[in-house]
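Q: Could you take me on a close look at one part of this model, the place where the ligand sits? I would enjoy a connected account.

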Amino acid sequence: MVEHDPVIGIDLGTTNSCVSVVLDGEVHVIPDESGARVQASLVSFLTDGSVIVGNECRHEQVVDPVNTIASAKRLIGRSYVSKEVKAALQAAPYKVVKGKGSVPLIEARGQRYGLPEVSGMVLRRMKDLAERYLGRPVTRAVITVPASFNDTQRQMTKLAGQLAGLDVLRIINEPTAAALAYGYGRGIKARLAVYDFGGGTFDLTILELRDTVFEVVSTAGDTYLGGDDFDNRLMRYMLAAFKQQHGVGLEGETLAVNRLKHVAEKVKCELSTKERAIVNVTELALDANGAPLDLRFHLDRAGFNERCQDLVQRTFLVCDEALRIAGLKASEVHGVVLVGGTTRMPLVREMVAGYFGRAPLVDLNPDEVVSIGAALQGASLDSDHFSAPTSGAAPHRAPLLLDVTPMALGVQTVSGYYDVVIERNASIPCEHTRTFTTSMDDQTSVRLQIFQGDSRIAAENIKLGEIELYGLPPAPRGQVEIQVTFEIDTDGIVVVTERDSATGIEQATRIEVSAGYAPDEVAQMFERGA
Ligand code: AMP
């Protein structure tokens with residue numbers, strides 16, 4: 001029997017990434033050269049033309065932020081004109097430029113890179129770490145994405161994996177992976193809520209576990225609520241304290257504000273383990289005589305909690321929504337799984353316990369739980385395909401992941417409205433067929449514009465692409481019928497097939513996304529990475 005390399009599970013995070021693997025039935029979270037089990041999702045382009053990735057870049061991020069790319073995940077699969085890219089243009093110190101077809105590109109040291117290339121570099125680092133740990137080449141991976149990722153974001157993540165030299169066996173949702181980490185192989189029958197509070201986003205997903213079946217019942221999220229909001233709150237508090245101490249306002253002083261933001265995050269994390277934090281920031285500004293002004297103050301956890309309670313409270317609006325969709329009460333959830341750095345805050349844990357009426361599950365590390373689940377999924381796919389049944393051993397059963405689509409899929413109507421074909425929260429994989437007809441006499445082609453989103457106005461949703469069926473037989477309007485099948489596969493990727501009923505012409509279209517790259521650009525990315 002050919003021995004295949006193990007399948008690794010990668011949590012490709014906005015802030016941090018983590019890689020795990022299953023060896024002899026046991027999950028290993030893979031450390032780096034210095035023992036760190038998570039890597040910063042950072043890429044730095046150095047003066048000598050070399051590129052470094054991961055924790056090593058933390059220093060570069062402070063000294064050379066212009067050539068250090070952070071949070072590529074916020075931009076991957078987005079259009080240059082999207083809100084997220086506009087926000088990055090304002091906030092990110094590195095340069096984002098517009099490529100062909102409104103694709104955002106990163107520019108560093110005179111060279112332009114697609115977002116999948118940048119994420120691909122992070123993934124290659126994770127692959128290298130796994131190879132070092134295992135002492136053998138690694139070629140296959142399961143990669144996780146947020147449940148809220150649309151088709152384009154999933155396709156671009158898959159491309160990032162390919163650019164890293166990985167065969168991406170499956171893209172799975174982060175909450176599903178977290179549930180797998182807790183429930184896989186334990187024969188559990190339970191309803192879990194995955195409470196995922198990261199740096200910039202919050203998501204709540206409810207899953208039903210029935211032995212090997214992991215079914216997502218509902219998912220809801222807030223893409224503008226995360227750990228950063230706590231940092232900003234604390235930073236504003238420090239600005240006010242500085243003004244009170246010295247009568248000097250620092251608003252608009254970018255360098256001082258950035259320094260305080262950095263300090264705010266450190267203080268926040270410190271207050272997760274300590275009752276009290278002391279802040280001492282030197283030389284934040286100069287007084288009228290040119291003497292340096294420092295900020296000194298202290299804050300206890302209770303005071304911090306009081307200032308930030310409302311932010312945690314906002315997560316419960318999202319929880320309410322997810323429970324409403326599922327038709328459940330908070331008390332009907334049997335276990336709450338914590339994911340993401342912000343769930344390390346005692347305030348979050350206390351308030352989550354209060355909301356659900358039970359203490360959250362904390363035996364797995366919230367930074368590792370997603371990659372552990374991805375590795376378990378990878379191992380199960382592996383044994384399904386490759387391991388021959390051994391005598392007497394119980395057959396290994398792969399988990400069945402039943403996910404839902406985070407947003408509706410539909411087409412634009414003549415009047416610019418949005419006609420939903422697959423509803424939000426529909427179980428995937430799924431397939432729906434619709435019949436369309438010509439709107440003019442002797443029309444020989446029909447064009448469909450395909451969108452994902454929940455707005456009634458097509459243009460307010462995310463355009464995935466358009467397809468055209470040519471060669472229709474000339475006939476009075478309304479007489480030619482075209483059947484279009486919309487499919488969302490297990491990776492959450494959209495496939496559309498059009499069929500003209502009269503001629504039987506069929507064309508399958510893996511949607512060529514408008515926020516995507518032209519084939520020659522993708523070829524260039526592979527060349528640069530080779
Ligand atoms: P993630 O996106 O899951 O890596 O989460 C990153 C967020 O978690 C950032 O806002 C961090 O400041 C926050 N975070 C990490 N560790 C802690 C901690 N010990 N206490 C509070 N927040 C934390």
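Which residue has a polar backbone atom 3.0 Å from an oxygen atom of the ligand?

A: Happy to. The residue is Gly 341: one of its polar backbone atoms lies 3.0 Å from a ligand oxygen atom. Please keep in mind that this is a predicted model, with an average pLDDT of 88 over the protein chain and 93% of the residues scoring at least 70. One stretch calls for caution: residues 385-395 have a pLDDT below 50, and beyond near neighbours in sequence this stretch makes five contacts in the model.

Back to the ligand. As for cover, the ligand taken alone exposes 500 Å², and the protein buries 82% of that.

Now for the shell as a whole. It is made of 14 residues, and the closest are Thr 15, Glu 265, Lys 268, Ser 272 and Gly 341. Sorted by class, nine of the shell residues are polar, three are charged and two are nonpolar. Helix H8, which spans residues 254-273, gives the most to this shell, with four residues.

The assignment for the protein chain lists domain 1 (7-225 + 315-403), domain 2 (227-306) and domain 3 (405-510). The C-alpha centres of domain 1 and domain 2 are 31 Å apart. Because domain 1 and domain 2 both give residues to the shell around the ligand, the ligand lies between them.

While you have the model open, two backbone details are worth a glance. Most residues other than glycine have a negative phi, and most peptide bonds are trans. Arg 109 has a positive phi, near 50°, and is placed in the loop between strand E9 (104-108) and strand E10 (111-114). Ile 428 and Pro 429 are joined by a cis peptide bond, with omega about 0°. Pro 429 belongs to the loop between strand E22 (427-428) and strand E23 (430-437).

Technical notes. Residues numbered from 1 in each chain as written. Predicted model: local features only at pLDDT ≥ 70, side-chain atom pairs only at ≥ 80, totals over all residues. Heavy atoms only, no water. pLDDT = per-residue confidence, 0-100. Contact = heavy atoms within 4.5 Å. Near = heavy atom within 4 Å. Polar contact = N/O pair within 3.5 Å; in protein donor to acceptor, adjacent residues only side chain to side chain. Areas by Shrake-Rupley, 256 points an atom, 1.4 Å probe, with all protein chains shown as cover. Helix = DSSP H or I, 4+ residues; strand = E, 2+ residues; numbered from the N terminus. Nonpolar A, V, L, I, M, F, W, Y, C, P; charged D, E, K, R; others polar. Domains from an automatic or database assignment.
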